[in-house]
Amino acid sequence: EMACRRVTGALAEDDRSLRTTVSDLYQEMRHARVLPVGAMLAAFPAMVRDLCEQTGKRAAWVLNDPGLEVDRKVIDMVKDPLIHLVRNAIDHGIESPADRKAAGKPAEGRVSVAVTPSGAGRVSIEIADDGRGLDTEALRDAAVRARILSRARAAELADREVIELAFRSGVSTNAVVTSISGLGLGLSIAREQAERIGGRIAIDTTRNVGTRITLDLPTTIASYRGILVRVGDTKLLVPADAVERVIGLPKHQLKSTLQAGFVTYGGASLPFAQLAAVLGLLTSARSA
């Protein structure tokens with residue numbers, strides 16, 4: 001009995017030590033992924049200069065806090081959308097020097113990116129320009145050209161609803177496709193990428209004053225612990241925070257429990273079904 005207690009105590013101590021080591025490694029891994037946002041967006045100033053040369057426009061690049069440390073995966077996941085948005089800001093937003101002077105603006109425009117923690121595990125990335133702003137009438141025409149709306153329906157929309165059309169694939173206020181802004185896919189791609197990682201995107205625009213596009217994103221991506229499960233030929237990772245308890249079920253009870261549609265645990269009847277059926281996934285003959 002004493003030997004069993006010693007072995008049990010040693011196993012418990014080993015378990016605590018292993019958990020501490022894993023936790024330390026986990027924290028070090030997260031720290032290694034954190035980098036200054038200025039380093040991750042280091043190519044953007046040169047990109048803005050090149051775009052200005054191509055378009056004959058003048059624009060200054062501004063980053064609010066280059067030293068702010070952000071999870072590299074956050075920026076990596078939205079870097080392509082950011083490129084699209086900055087290209088659109090110059091091609092669609094910033095006017096030519098002559099047009100800006102005629103509008104009483106400085107000849108040089110401004111394209112800025114502000115990255116700020118917004119609390120509750122979120123970070124805000126704001127892309128702004130002081131250009132012409134979104135033209136709601138041009139957006140209405142673009143939506144009609146793209147056959148998304150009828151002319152009559154487009155005329156009924158409020159400006160707020162029209163601005164939402166800018167997120168639709170193929171809706172571009174540029175009548176001519178350019179090598180810079182392409183087919184009007186910038187905002188559509190940005191929304192798709194943001195929503196894929198649990199983020200949101202919003203537009204605030206004022207005609208002849210400028211446009212501000214805000215990405216609201218989680219501060220960390222794929223940095224949580226999870227439980228890997230197999231559903232037929234598909235593997236899924238369920239966040240550990242979303243799992244209340246794991247219950248073992250004897251294999252010989254599986255068929256009858258599935259037929260019953262519930263499992264009894266702790267005096268309560270819990271719904272029970274095949275995950276593949278719930279998710280509508282096709283499974284092979286060996287699926288579980």
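Across which strands does α4 lie, and at about what angle does α4 run to β5?

1. α4 lies across β2, β4, β5 and β7 (210–218), and runs at about 20° to β5. Axes here are lines fitted to C-alpha atoms, for helices over the stretch in contact, and angles run from 0 to 180 degrees between N-to-C directions.

2. This is a predicted model, in which local features need pLDDT of at least 70 and side-chain atom pairs count only at pLDDT 80 or more, while totals for chains, interfaces and linings use all residues. Residues are numbered from 1 along each chain as its sequence is written, and side-chain values use heavy atoms, with hydrogens and water left out.

3. The open sheet has 5 strands in the order β2-β4-β5-β7-β6, with mixed pairing (two strands pair if DSSP finds at least two bridges between them). Its edge strands, β2 and β6 (200–206), each pair on one side only.

4. Strands β4 (residues 109–119) and β5 (residues 122–129) pair in the antiparallel sense over 8 bridges. Alanine 114 has glutamate 126 in β5 as its bridge partner.

5. In helix α3 (residues 44–55), which has 12 residues, Phe44, Met47, Val48, Leu51 and Cys52 are buried (under 20% relative accessible area, with a 1.4 Å probe and protein chains only). Seen down the axis of α3, these buried residues fall within an arc of 135°, so they line one face of the helix. On the other side of α3, Arg49 and Glu53 are exposed (over 50%).

6. The buried residues of α3 pack against β2 (59–63) and α4 (72–93), where contact means heavy atoms within 4.5 Å. Glycine 56, which follows α3, has a positive phi, near 75°.

Methods
Helix = DSSP H or I, 4+ residues; strand = E, 2+ residues; numbered from the N terminus. Expected span 1.5 Å × (residues − 1). Arc of directions from axis to C-beta.
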